[in-house]
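Please keep the sequence and the structure open while reading.

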Amino acid sequence: MKKLYRHIVKSFLGMFVFTFLIVLFIFLMQWIWLYVDELVGKGLGLGVLAELLFYMSITFIPMALPLALLLASLMCFGNLGEHYELVAMKASGISMWRVMRPLVVFSVLLSGMAFFISNNLIPVATLKGQTLLFDVRKQKLAFNIKEGIFYRDIEDYVIYVDKKGDDGSSIYGVKIYDHTDRMGNTKIISADSGMMTLSPNQRNIIFTLYDGYNYTDITNVDNFKATRPFERMSFKKEQVRFSLKDFDMTRSSEEMYKSYQAMMNIGQLSRSLDSLERRFKQKQEAFSNGFAQRWSNYQARRSAAGADTLAALPDSIAPLQWPLLAQLDDHRRGAVVSQAIALANNAKENATFNKIDLKSQNENMRKHKKEWHKRFTLSISCIIFFFIGAPLGSIIRKGGLGLPVVISVLFFVVYYIISTIGERMAVFGDLNMFVGVWISSIVLLPIGLFLTFKATTDAAMFDGDSWKRFFQRLIKHKVPEPVEGPKPIEQTPS
């Protein structure tokens, strides 16, 4: 049995590592394709790109790990069935459960490791990856002046180059607009040609200009906008230095993102959720007590005004019909009515604001609960996908990357769609949180148990002859036999 288990585990591990890397690579390439415009042309070093891709690859483990486990188990048992190794094992008295035993142990250990990854590695990788991605997205494009286009990425300057030389450094027809005075195009440098070079420390770019003019509008005289006085100075050679500090990527602090739910582990989520629930209850009590206090004050003022005056007034009577208002002059009556309307509007706005605030806090709590449950879903999904892939591979008896890939992708798409819909409905409050997060596992678990039962009982689910015989028996059972009519009576001649 040890040699048999060693053979099964060796066959499975090779396929699992291969499929996991392939699936992770596909998800990573999909992400790069989505953010390619944010990464290209910004002069990012290989270290920054490697760090970003490393963090993003860790965040894709919850999707890559179950799919890789499903595909590897399906391919492994499909190959064993295709080469009649499963038949030989069963003929030797080894049941399907004993064949699956070493991989069941491996799947349980893998689910424990998946829980550790989901609770400890993924929140940290998400925090660092999203922070770095934010810094990369706000990073300006690398210094690259194009012909015939105004370049505006250097603060307070606009640069125009009519033509660039083949060497990439020579420039012709140069115009530099200096906006450091915040007064528009009052300083302009124009040159016939020039050279672009980097300073030795690569912190500045130096324009060496030839045969040009400096134009400066004179703005310190009266009526300069009408007369437009200016100075013009010619030069044979002039150097202009621009700082490249705006193109340096600055790292943001990770503290500003630590409050997001996806970047917390179970302990942090529990503490944060406890604080949110306590704050939510305090907000509800304060809102309710505020209305109760205003109603008590109204009742006290009404009692102090005298029962004889207000006893006959129903609460729903129009304000202008109150005898107390009728005793006031028009000016004071209008002021009282305006004040009452203002108080009513304030109460309405207060109620609307508190409703929106309470709804937002409630949704935030549901997001925390969703992330808390998701720390466990990866572990359970690994076990479920193994109990789908292993028996299904032994039933279909097809290895390779053909049919197993199609079936694995089909199951994973169903799992992902159900999970996404359930989580969104749970966050919006349309579904119970436990049901919304675990609905995909609830749906696929019976399928895995059914396939495991069929595999252990040697059911030929995908055998064409068995299905043909089944439908033949079904049709034969349903089609009634023809009923013979009464036979004609033979008449003898008289």
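E423 has its place in helix 12, in a model that is predicted. With a relative accessible area of 14%, E423 counts as buried, because the cut-off for that class is under 20%. When its neighbours within four places in sequence are left aside, E423 is in contact with K370, K374, G436 and V437.

Two of these partners lead on to other parts of this report. G436 belongs to the helix 13 side of the contact between helix 12 and helix 13, as does V437, while K370 takes part in a salt-bridge network together with E371 and R375.

## Helix 12 against helix 13

The axes of helix 12 and helix 13, the latter spanning residues 433-456, come within 6 Å and cross at roughly 160°. Helix 12 is therefore roughly antiparallel to helix 13, since angles over 145 degrees fall in that class. The crossing in which helix 12 passes helix 13 is right-handed.

From helix 12, the contact is made by F411, Y415, I418, S419, G422, E423, A426 and V427, and these meet M433, G436, V437, I439, S440, S441, V443, L444 and I447 of helix 13. Sorted by class, the residues of this contact are 11 nonpolar, five polar and one charged.

## I407, also in helix 12

I407 lies in helix 12, which covers residues 403-427, and I407 is buried, with a relative accessible area of 14%. Apart from neighbours within four places in sequence, the residues in contact with I407 are L74, L392 and I396. For one of these, L392, the separation from I407 is 15 residues in sequence and 9.3 Å in space, taken from C-alpha to C-alpha.

## Salt bridges

The count of salt bridges comes to six. One of them joins the side chains of K236 and D211, at 3.9 Å from N to O, a distance that qualifies because the cut-off is within 4 Å. K236 lies in strand 5 (residues 230-243) and D211 in strand 4 (residues 204-217), so this pair ties together parts that are 25 residues apart in sequence. K236 is exposed, with a relative accessible area of 67%, whereas D211 is partly exposed at 37%. D211 also has a positive phi of about 55°, although D211 is not a glycine.

Another salt bridge is formed by D274 with R278, whose closest N and O atoms are 2.9 Å apart. Both residues lie in helix 8 (residues 266-305), where D274 and R278 are four residues apart, about one turn of the helix. D274 is partly exposed, with a relative accessible area of 42%, and R278 likewise counts as partly exposed, at 43%.

Are R375 and E371 buried or exposed? Both R375 and E371 are buried, and their side chains meet in a salt bridge of 3.2 Å, N to O. The two residues R375 and E371 lie in helix 11 (residues 330-396), four residues apart, about one turn of the helix. Salt bridges that share partners join K370, E371 and R375 into one network, and K370 is among the residues in contact with E423.

## The protein as a whole

The protein has 14 helices and five strands. Among its 494 residues, 35% count as buried. Of the contacts in the protein with a separation of 6 or more, 69% are accounted for by residues 24 or more positions apart.

Note on methods: Residues numbered from 1 in each chain as written. Predicted model: local features only at pLDDT ≥ 70, side-chain atom pairs only at ≥ 80, totals over all residues. Heavy atoms only, no water. Buried < 20%, exposed > 50% of the residue type's maximum accessible area, 1.4 Å probe, protein only. Contact = heavy atoms within 4.5 Å. Axes fitted to C-alpha atoms, helices over the stretch in contact; angles between N-to-C directions. Parallel < 35°, antiparallel > 145°, perpendicular 65-115°, else oblique. Left-handed = near helix turned anticlockwise from the far one by under 90°. Nonpolar A, V, L, I, M, F, W, Y, C, P; charged D, E, K, R; others polar.
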